[in-house]
Amino acid sequence: MKLLSIVIIAGIILLYFVDSAFKLNTFDPEMLIHSGLRFFIGFLILGIGVFYAHKIRLKFAVCLVLALALGDDIWDYTRHVNSFSFEVMLHSMYMMAWGSLAGYVLMRRWLDGRRVE
């Protein structure tokens, strides 16, 4: 779990710099939902489904992630929330990459560590 802690802490530090560079308010309720959704999409679909378990093909996973992200953007648009900017897209890609890395490391440490014992 040491490696997972490093991934989470480094991700939080990098998230601070990303949000500072793009002048985004992380603690806004809309941004928390947006970021959390992107993180868990990356965590479950990319990190666990594609990179660790190899149950989902990468091409299908990318299409699924794009569909979910587009659905969230359309939902934001219907609620008149402006989340369709270049900065928010880069922030979303960072959150998905961080989520996928965290998901992969968690499953690798949790399941591979269980097999050794």
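Leaving aside neighbours within four places in sequence, which residues is M96 in contact with?

1. The structure under discussion is a predicted model. The protein chain contains 4 helices and 0 strands, and from the N terminus its elements follow the order α-α-α-α. Along the principal axes, the C-alpha atoms occupy a box of roughly 50 × 30 × 20 Å.

2. **Burial and surface.** Of the 117 residues in the protein chain, 37% are buried. The chain exposes about 7900 Å², and carbon and sulfur atoms supply 73% of that area. Among contacts between residues at least 6 apart in sequence, 79% join residues at least 24 apart.

3. **M96 and its contacts.** M96 belongs to helix 4, which covers residues 86–116. Once neighbours within four places in sequence are set aside, the contacts of M96 are R38, I41, G42, V65 and A69. M96 counts as buried because its relative accessibility is 12%, which falls under the 20% limit.

4. **R38, a buried charged residue name to examine.** R38 is part of helix 2. With a relative accessible area of 2%, R38 is buried. The R38 side chain makes a polar contact with the side chain of D72, at 2.5 Å. Not counting residues up to four places away in sequence, R38 touches A69, D72, D73, S92, M95 and M96.

5. **The largest nonpolar core.** This core has 14 residues, and those with the most contacts inside it are F39, Y94, M95, W98 and A102. Two or more residues come from each of helix 1 (2–22), helix 2 (29–52) and helix 4. Helix 4 gives the largest share, 6 residues. M95 touches L15, S35, R38 and F39, with residues up to four places away in sequence not counted.

6. **A61.** A61 is located in helix 3, residues 58–78. Its relative accessible area is 0%, so A61 is buried. Leaving aside neighbours within four places in sequence, A61 is in contact with I45, L46, V50 and I56. A61 and G42 are separated by 19 residues in sequence and by 9.8 Å in space, C-alpha to C-alpha.

7. **Aromatic residues.** The structure holds 7 aromatic pairs. In one of them, Y94 and W98 are stacked, with 6.1 Å centre to centre and 25° between the planes. Both residues lie in helix 4, 4 residues apart, about one turn of the helix. Y94 is buried at a relative accessible area of 17%, and W98 is buried at 11%. Ring pairs also link Y94 and W98 with F39, F40 and F43 into a cluster.

8. **A charge over a ring.** R79 lies over the face of W75, at 4.0 Å from the ring centre.

9. **Two loop residues with positive phi.** Most residues other than glycine have a negative phi. K23, which is not a glycine, has a positive phi near 55°. K23 is placed in the loop between helix 1 and helix 2, and its relative accessibility of 74% means that K23 counts as exposed. H54 likewise has a positive phi, of about 55°, although it is not a glycine. H54 sits in the loop between helix 2 and helix 3 and is exposed, with a relative accessible area of 61%.

Notes: Residues numbered from 1 in each chain as written. Predicted model: local features only at pLDDT ≥ 70, side-chain atom pairs only at ≥ 80, totals over all residues. Heavy atoms only, no water. Buried < 20%, exposed > 50% of the residue type's maximum accessible area, 1.4 Å probe, protein only. Contact = heavy atoms within 4.5 Å. Core = buried A, V, L, I, M, F, W, Y, C linked by side-chain atoms within 4.5 Å. Polar contact = N/O pair within 3.5 Å; in protein donor to acceptor, adjacent residues only side chain to side chain. Phe/Tyr/Trp six-rings, centres within 6.5 Å; stacked < 30°, edge-to-face > 60°. Lys NZ or Arg CZ within 6 Å of the ring centre and 35° of its normal. Areas by Shrake-Rupley, 256 points an atom, 1.4 Å probe, with all protein chains shown as cover.
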